[in-house]
Amino acid sequence: MSGRPGLNGCTRGSIGALLLSMSLVRAAYAQAPTAATTPGSPEAPAVSGSAPQDARPAPARPSSPTDGPRPIAEALEGDAKREYELGRLLYNNGDFAGALARFQSAAKASDDPRLLWNAAVCQKALRHYAKAITLVRRYLASNSPLITPAAALTARAFLAAAEPLTARLDVSANVAEARVYADDELMGSVPLGADARVDWGAHQVVVKKQDYSDYAQTVTVSSSADVRVSAVLRPVVHEGRVIVRAHAGDRIAVDGVVRAFGTWEGALASGRHTLRVTASGSRPYQEQLVVADAQTRGFDVTLEPAPRAPLPTWLWLAGGTVLAAGAVTAGYFIFKPAAQPTTRGSIDTVQAPLKIP
């Protein structure tokens with residue numbers, strides 16, 4: 001597979017010149033190092049073809065220390081072998097994205113670095129050169145005995161040819177250990193390493209750190225020159241604002257502290273708070289508030305009149321006694337016998353008690 005690289009803004013002539021300079025590398029990269037990599041052997045790296053790591057079995061012959069690594073199809077077992085074989089099938093059918101997923105799955109089940117190379121071949125076929133470079137760097141950095149000198153030479157030649165199709169992403173920030181994302185993919189933490197690269201075209205770069213606001217910038221890559229982004233992250237203030245509107249004279253308290261009468265507006269730390277509004281002769285109003293960062297909440301409070309309290313029991317008892325006494329007195333005057341008229345000369349006219357001799 002030696003598809004033409006996808007370059008934004010390049011003329012056909014410049015593409016042709018670039019492909020000419022990559023002629024040998026392009027062919028060698030499309031055909032990954034085969035399973036047995038002893039130079040001169042029937043399974044040595046080829047300079048043409050389109051498949052990733054060759055799955056053909058090695059010729060039947062006694063093994064010896066000079067035979068080199070076992071073919072990858074023979075070395076893998078279980079889930080890794082099954083995913084690898086599915087990946088080769090998809091690759092040969094032109095489904096590079098599907099093959100990439102299978103090779104990555106196989107790599108999770110096996111530590112064979114040749115699976116990284118196969119994944120890089122798929123990324124190159126998808127024209128994701130920066131991702132292919134990252135995989136090839138990991139492939140070489142493994143220093144695995146499965147990577148022969150010839151295979152390593154091919155990998156380094158690919159890096160030299162592919163890097164001009166990408167640009168290094170250089171990101172600085174005013175806070176340490178901020179994470180850098182390019183098109184929603186984590187690139188690492190500042191400062192980024194030399195292998196943090198992006199393909200030509202437009203990219204959304206976002207720098208994040210907990211308790212700081214995100215910094216976002218769109219960059220357009222049109223050459224292999226470094227792309228520099230200087231991010232300024234500002235601390236997030238964990239507070240919001242609350243507005244309380246009540247009737248004039250109503251007392252407004254938050255978390256037990258009186259803030260104002262009638263109307264209050266102010267900042268509160270993010271989290272839960274208790275709002276209480278009171279006034280003489282009214283039912284108190286109370287509510288639990290949840291304040292969120294950089295948000296404003298408003299409350300309109302109208303207190304309800306408090307119900308009239310019933311007369312105390314003692315007053316009912318005392319009042320009952322008074323009423324009863326009044327009733328007796330009234331009854332006496334209403335129902336007492338009428339005064340009889342007196343007849344002069346009768347006994348009723350005696351004004352002094354009789355004295356007994």
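Residues are numbered from 1 along each chain as its sequence is written, and the side-chain values use heavy atoms, with hydrogens and water left out. The model is predicted, and local features need a pLDDT of at least 70, while side-chain atom pairs count only at pLDDT 80 or more and totals for chains, interfaces and linings use all residues. Strands (E, at least two residues) and helices (H or I, at least four residues) are DSSP runs numbered from the N terminus, and two strands pair if DSSP finds at least two bridges between them.

On from β12, seven bridges join this strand to β13 (residues 285-291), and the two run antiparallel, with Leu275 standing opposite Glu287 of β13. The hairpin of β12 and β13 has six residues between its strands, and there Gly281 takes a positive phi near 80°.

Strand β8 (residues 239-245) pairs with β11 in the antiparallel sense over seven bridges, and Arg245 stands opposite Thr263 of β11.

A parallel pairing joins β1 (residues 166-173) and β7 over five bridges, with Ala173 opposite Ala231 of β7. In a regular strand the side chains alternate between the two faces of the sheet. Strand β7 (residues 227-231) has a covered face of Val227, Val229 and Ala231 and an uncovered face of Arg228 and Ser230.

## Nonpolar cores

A nonpolar core is a set of buried Ala, Val, Leu, Ile, Met, Phe, Trp, Tyr and Cys residues joined through side-chain atoms within 4.5 Å, where buried means under 20% relative accessible area, exposed means over 50%, and partly exposed lies in between (1.4 Å probe, protein chains only). The largest nonpolar core has 32 residues, of which Tyr84, Val136, Tyr139, Leu140 and Phe158 touch the most other members. The elements that give two or more residues to this core are α3 (72-75), α4 (78-92), α5, α6, α7 and α8 (149-162), and α6 gives the most, with eight residues. A second, separate core of 20 residues includes Trp200, Val207, Val221 and Val229.

## The largest pocket

The largest pocket holds about 720 Å³ of space. On a 1 Å grid over the protein atoms alone, a pocket is an open set of points with protein on both sides within 12 Å along at least five of seven lines, in contrast to a cavity, where a 1.4 Å probe fits but cannot get out; lining residues have an atom within 4 Å of a point. Grid points are joined across faces, edges and corners, and the volume is the space filled by probe spheres set on the points.

The lining of this pocket comprises 33 residues, of which Gln123, Ala130, Lys131, Thr134 and Glu185 lie nearest its centre. Two or more lining residues come from each of α5 (96-109), α6 (114-125), α7 (129-141), β3 (185-189) and β4 (197-199). The lining divides into 14 nonpolar, nine polar and 10 charged residues, where Ala, Val, Leu, Ile, Met, Phe, Trp, Tyr, Cys and Pro count as nonpolar, Asp, Glu, Lys and Arg as charged, and the others, Gly among them, as polar.

## Backbone features in loops

Most residues other than glycine have a negative phi, and most peptide bonds are trans. The peptide bond from Val190 to Pro191, however, is cis, with omega near -5°, and Pro191 lies in the loop between β3 and β4.

Asp211, in the loop between β5 (201-208) and β6, has a positive phi near 70° and counts as partly exposed at 42% relative accessibility. Asp255, in the loop between β9 and β10 (257-261), has a positive phi of about 55° although it is not a glycine, and counts as partly exposed at 40% relative accessibility.
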